[in-house]
Amino acid sequence: MRRIGGACATHPLIVLGVWVLAVVLALGLSHKIGATYSDNVNLSGTESATAFNLLTANDPSAGGHVGDVVIESTTADVASQAAAVGEAVANIEKLPDVTSVANPLSSKTPLVSPDGKITIISVHLAVVPSSLGKTWLSQLENADGPLGKAGLTVAYGGQFDQLTNPKASDIKSELVGFLAALVVLLVAFGSLAAAVTPLVGALLAVLVGLGLLGIAAASLTFGTVAPTLATMIGLGVGIDYSVFLITRHRQRVIDGAKPVDAAADAVVTSGKSVLVAATTVSIALVALFASGVSFLGMLGVAAVFGVLSAAAGAITLVPAFLGLLGSNVDKFKVRRRPVAEAGSESDWWHRYALGVRRRPGTHLVAGLVLLGVIAIPLASMRIGTIDDGANPLSYSSKQAYDLIAKGFGPGANGPFTVVVQLAHGTSFGAAQTLSAKVTKDLAGVRDVARMSPLTPTPNGALLVGQLIPSNSPQQGQTTSLFDQLVGNSMPQALAGSGATGYVTGNIPLNIQFASTLASKLPLLIAVVVACGFVLITMAFRSLVLAVKAALLNLVSICAAYGVVVAVFQWGWGRSVLGVSENVPIESYVPVFMFAIVFGLSMDYEIFLVSRVKEHWDRSGDAKEAVEAGLAAVGRVVASAALIMGSVFVAFVGSTSVEVKMIAVGLAAAVILDAFVVRMVLVPSIMNLLGPLAWWLPKWLDSKLPRIDVDPQIETKPAVTSNAAARP
């Protein structure tokens, strides 16, 4: 590590040139290969996935992916425009990848709203709509030309939202995050040169990470939010890692070291903490595969690209910049006396550290009460699916959603497809009798608005019908209805027939996705917590600190969940974020948040406790070590948290409600973890425990591998706490 830091500081232009070349090559190759991202979730073996596969195999025209062309006539009944609708249907049938189109006005039972104003053209596709691109959307709009000429209002819903919703653009979010981070860095470092260095380094590193992710996406399947998550997390941790390195470098310069030597010392000390922290975050993200859903695991892998590139940039680019700046690291000062770690023994952080040492119990109770209050909304968390009703009014998908709800009821935005697999040898008459019975029984189930008659597929192997719930897709009653149909109503209706019943569709698939994640969450928590426990035990040689870290991380996550529920489910301030209605918590958000927050929490734990351990190893006084460590790194941990929180908050400008949710949750988690858990609870508990905090059985100490998180470097004496001046 020392050789790496020294070499980068001694040959900065070579290092910068290599990184710039890496950016050009990675992004260029990614663009040339043509990286693609798709929300393809594999739920093999579930009720809805089995039904979907049966339907596709036995009636391809009824399976696949479905988009809706929603039509409204504001004057006469829409049936009066049957010619225009028929012409549009004929045009759509000629488009590539269209398997079938249903003319809603040509059947014996036209699909028209009770007031006669609204109808829906259902378009079945052979591929995921997001893969078709804007050119196909333009072709669809041209095909619908007769509708516009007839004076009809047209909106695109269903899975067409993948084409019509604006694509997420991270540029504005990145710019806002950068500006906010620059302000915090200027206040923290007091000089423009020191403030800009972490930003430039993190940007170069994340660009390389995004390029590598794009190259990987050519052969692996990543979700559409993967680049956004990699950018968000990569920038956040990249800037933070750089801040810790620069702070240690500047402290060494203040202590009298030469700039190049100080850069090498920073890499060999804080640089090791950075690698351990990045490893912890990466392990937590990869552990998302324990959810049993590869879609989620691959999102974790995507974020790892950002984390690892950020760590690599921190231990190479930062010392290169510091070597290039030399003694000018504090050039362009914005305060009279730029500071690093120590400050003076009368500054606020020293006084605060002394206050925690004197009254640890008071601080502990206050911190726990605060986090407990913030976590209260967690008790009412409802996992569900965010539908197009939460989109801004300007979106075509939102307009289509509102038209469908207006004309056919809220449940029409999330219809269920009922599939009955007939027993081999079932006669035509028996199939008709069974169809009538199942249709009647399901129509009478609570929260069912309508049930269409079950009709046989062309090969006669299946009976298929559409069930419309009474409530919107994201309401809890819709999930309960699915459970009722699968668990009771369908088996009862088919009893004695030898047939097997299924319920499928976009909403049932989403419900089973959420159920799958919920069933795997305990395993995920166990895997992530166990990995963190082992790492902390090896790094700090203490079982007590490992248990403490695991428990406090869980407390921190619960508080972050509480904030997300209050904002999005209860609606406290969600309109400011551009969310048009209260929504449930998207099924994968809590799982993804858990992995990220646990990893980031370990970051701050490592940076704080490593400094405490340094003083503990030197003095042997447990309480003095806590006071000195907190006084030394409290300011930089607080600054780092504000920076990362600013970067996350900037992404609430995303067009995706799920990304907004993750951004708010991560920002809340980082701020609460740094300012309450690490600054209040950790030092309070360690002060109360005293030397017991460092307990580790000797037999275990001899068997555990050693991780030297923050090796000590001989420095000139510097006042780091009030304790240093006392006997």
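The legends below describe close-up views of a predicted model. Local features need pLDDT of at least 70 and side-chain atom pairs count only at pLDDT 80 or more, whereas totals for chains, interfaces and linings use all residues. Residues are numbered from 1 along each chain as its sequence is written, and side-chain values use heavy atoms, with hydrogens and water left out.

**View 1. Helix 21 (residues 622-650) against helix 22 (residues 657-689).** The axes, which are lines fitted to C-alpha atoms over the stretch in contact, with angles from 0 to 180 degrees between N-to-C directions, come within 9 Å and cross at roughly 175°. Helix 21 is therefore roughly antiparallel to helix 22, a term for angles over 145 degrees. Helices here are DSSP runs (H or I, at least four residues), as are strands (E, at least two), numbered from the N terminus.

**View 2. The buried residues of helix 13 (residues 348-358).** Trp349, His350, Tyr352, Ala353, Leu354, Gly355 and Val356 are buried, that is, under 20% relative accessible area, with exposed meaning over 50% and partly exposed in between (1.4 Å probe, protein chains only). These buried residues pack against helix 14 (360-374), helix 21 and helix 22.

**View 3. The aromatic pair of Tyr241 and Phe607.** Rings of Phe, Tyr and Trp (its six-membered ring) pair if their centres lie within 6.5 Å, and planes under 30 degrees apart count as stacked, over 60 as edge-to-face and the rest as tilted; by this rule the count comes to 13 aromatic pairs. The ring centres of Tyr241 and Phe607 lie 6.5 Å apart with their planes at 55°, so the pair is tilted. Tyr241 belongs to helix 10 (residues 226-254) and Phe607 to helix 20 (residues 588-619), 366 residues apart, and both Tyr241 and Phe607 are buried.

**View 4. The aromatic pair of Phe295 and Phe513.** With ring centres 6.2 Å apart and planes at 75°, this pair is edge-to-face. Phe295 in helix 12 (residues 294-325) and Phe513 in helix 18 are 218 residues apart, and both are buried.

Note on methods:
Angles under 35 degrees count as roughly parallel, over 145 as roughly antiparallel, 65 to 115 as roughly perpendicular and the rest as oblique. Contact means heavy atoms within 4.5 Å.
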